[in-house]
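Hi,

Here is the structure I promised to pass on.

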Amino acid sequence: MSIARSIKFKIALAFGFCVLLMVAIGVLGLTGLKQLDQKIHVSYTQDTAPIVDLADARSAQFEIRLQMRRIEIIGDPSETPAILKRVQASRETLSKALARYEKVDLTSAPKAQALQEKVKQIVPQFESITERVLASLSNGDLDGGRAAQDTLSPVASALDEDLSQLGRMSSQAAEQDASDSRATYEQLFWMLAGLLAAGATLCIGVSVYLGKAISQPLDRAVGVASRIAEGKLENRVDVTARDEFGQLLESLTTMDRQLTDTVRGIKTSIESVVVAAGQIASGNQDLSMRTEQQAASLEETAPSMTEL
């Protein structure tokens, strides 16, 4: 029997297909999850976090200008130190936010990279003029501080515009990353759904095939065995399978044939015994008749012997 026709081989093959399908679904799922994780990480580090940093930088430079204007407007030297502390805190916030943003990899975005370089050139000017404004205000020179702030306004406006453009670019990049992530998710979803549907179809098909390959010859074998158990011999068995069940049916056919031959031989022997018994009975009857005849002859002979 060929291995490919063996029911064991068919079951092992079906099980192997199911295992391979499960492995394929698992590998595809893990690969897709890894890709989504990478996209989320890149989106956060390259787009979302920079948006926050740029917003902090814009807020800090507005706060710096606002607090310096407050010193100028209030004109109360007693409140100047407290306001200067807030200005210094905002300057540190601005410096840290821009330092974090400089770590962002913008090699794939030339326009953003150019704007980043422009911001790097403007920030020293902004810091320098801010120092002049703070020095004037700290010394109580409100006119000098006002003049320095007028000089700071166009620089701050340019800085704010550049930061705003960078923020819009980061937002657009974040939206694009979200769209790519969504596309990846949908692709992964439909691929997994297709594999699951194919797997379900394959499992159903294999189940039906194995059910027919096992149940039909098994039912025939059970039927043959039941008829033999009931004493019905000379059963006609069509062996179409070439697997273990085919071998079982062939063995049952051989057993049926041998039992038939054995019963036929016993029947022939019984018939011979019956014939011999009939012949013996007939011989006994003839012997009995001859014995009776001889007895009658002796009875007839007896008087004659008496007379003699």
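Below is what turned up, going from the pocket to the core and then to the aromatic rings.

Some housekeeping: this is a predicted model, where local features need pLDDT of at least 70, side-chain atom pairs count only at pLDDT 80 or more, and totals for chains, interfaces and linings use all residues. Residues are numbered from 1 along each chain as its sequence is written, and side-chain values use heavy atoms, with hydrogens and water left out.

The largest pocket has a volume of about 370 Å³. (A pocket is an open set of points on a 1 Å grid over the protein atoms alone, where a 1.4 Å probe fits, with protein on both sides within 12 Å along at least five of seven lines; lining residues have an atom within 4 Å of a point. The volume is the space filled by probe spheres set on the points, which are joined across faces, edges and corners.) Its lining has 20 residues, and Q46, D47, S108, A173 and D177 lie nearest the centre. Two or more lining residues come from each of α1 (7-74) and α4 (142-229); helices here are DSSP runs of H or I, at least four residues, numbered from the N terminus. The largest share, eight residues, is from α4.

Next, the largest nonpolar core: it has 31 residues, with M68 and F126 touching the most other members. (Such a core is a set of buried Ala, Val, Leu, Ile, Met, Phe, Trp, Tyr and Cys residues joined through side-chain atoms within 4.5 Å; buried means under 20% relative accessible area, exposed over 50%, and partly exposed in between, with a 1.4 Å probe and protein chains only.) Helices α1, α2 (80-102), α3 (110-138) and α4 each supply at least two of the core residues, and α3 gives the most, with 10. Leaving aside residues up to four places away in sequence, F126 touches Q61, I64, L94, L152, V155, A156 and L159, where contact means heavy atoms within 4.5 Å.

Also in α3 is Q121, which counts as exposed at 56% relative accessibility.

Finally, the rings. There are two aromatic pairs. F189 and W190 have ring centres 5.2 Å apart and planes at 80°, so they sit edge-to-face. (Rings of Phe, Tyr and Trp, the last by its six-membered ring, pair if their centres lie within 6.5 Å; planes over 60 degrees apart count as edge-to-face, under 30 as stacked and the rest as tilted.) F189 is partly exposed at 41%, while W190 is exposed at 61%. Together with Y185, F189 and W190 form one aromatic cluster.

Cheers
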